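Open the structure in your viewer and keep the selection tool at hand. The tour goes stop by stop.

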Amino acid sequence: MCGVSAAARAQNTGKSLTAREVMQRIISATGATPPANTVDTLKAGDPNTVVTGIVTTFMDTYAVLEQAVSSGNNLIITHEPTFYNHLDDQAPLAKDPVLQQKLNYIREHHLVVWRFHDTWHMRQPDGILSGVVAEFGWGAYQSAAEQHVFTLPATTVGAIAAELQKRTGAQLIRIVGNPKLRVTGVALYPGASGEDQQIRALERDDVELLVAGEAREWETVPYVQDAAGEGRPKALILLGHEVSEEAGMQECARWLGTLFPNLPVRFIPAGEPFQSPQGAR
């Protein structure tokens with residue numbers, strides 16, 4: 001390989017890329033600029049660690065970390081926090097045994113944990129939304145002008161909920177409003193998009209149904225209850241945060257495979273954290 005630079009050789013072999021180099025290349029490839037207060041930062045590990053393989057996941061639970069180690073992958077790319085709060089501030093739980101065991105496991109196995117949240121959402125199209133739309137099979141119904149808005153063939157809220165449960169494998173899906181309400185206009189906001197965004201979507205005349213990950217039960221939920229009580233054609237389906245975004249991190253693994261063709265890239269689902277009473281028996 002005479003005349004080929006060390007950087008080019010690293011790119012070709014995929015064997016000597018450090019975690020720092022991988023993270024930088026990912027951010028660059030999104031075409032987005034992380035905000036000044038981004039949470040897309042290194043959470044644990046040495047950024048100079050040579051990457052043996054990449055794992056993407058919605059949330060790097062202890063079980064996900066164990067699976068990553070067993071598969072020989074040491075760079076964990078998580079969409080949500082590692083240490084139980086949005087900023088991954090360890091101080092409130094500094095002496096907590098659960099936190100300490102997780103930290104020790106990461107250190108013992110020389111793992112590197114990086115959060116990929118803000119920039120993955122900021123990519124055009126939104127990386128999480130792209131994966132979810134593919135999972136739902138809604139690509140043909142998506143507005144070309146507004147990526148969160150869909151016009152479905154006429155159906156009912158209950159039928160949509162049942163289809164989404166089938167496609168996602170979710171154990172628990174909640175409906176607010178009338179399950180028999182016929183709808184065509186749907187807004188999709190995975191994750192925790194917040195009251196302002198959720199209610200703005202429901203205020204639209206062309207949206208009868210909002211499909212979201214989660215909502216505060218004293219904000220968007222009673223808004224939909226009141227709208228339905230007033231006779232307005234409005235309803236809400238809550239999938240759960242994990243269920244609504246996991247497919248976006250599977251899409252992330254597919255995308256990273258095109259960036260790093262010589263590195264193992266694996267998606268590990270965190271899994272729905274909740275169980276139905278029937279499923280627990």
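Two strands pair if DSSP finds at least two bridges between them. Helices (H or I, at least four residues) and strands (E, at least two) are DSSP runs, numbered from the N terminus. This is a predicted model: local features need pLDDT of at least 70, side-chain atom pairs count only at pLDDT 80 or more, and totals for chains, interfaces and linings use all residues. Residues are numbered from 1 along each chain as its sequence is written, and side-chain values use heavy atoms, without hydrogens and water.

Select residues 54-57, strand E2. Ile54 and Thr56 point one way, Val55 and Thr57 the other way, and all are buried (under 20% relative accessible area; exposed is over 50%, partly exposed in between; 1.4 Å probe, protein chains only).

Threonine 56 stands opposite phenylalanine 267.

Look for valine 55 opposite isoleucine 76.

**Salt bridges**

A salt bridge is a side-chain nitrogen of Lys or Arg within 4 Å of a carboxyl oxygen of Asp or Glu. The count comes to nine.

Select arginine 167 and glutamate 163: their closest N and O atoms are 2.8 Å apart. They sit four residues apart in helix H7 (residues 157-168), about one helical turn.

Next, pick glutamate 251 and arginine 254, which meet at 2.7 Å, N to O. Is glutamate 251 buried or exposed? Glutamate 251 is buried, at 17% relative accessible area. Arginine 254 is partly exposed, at 48%.
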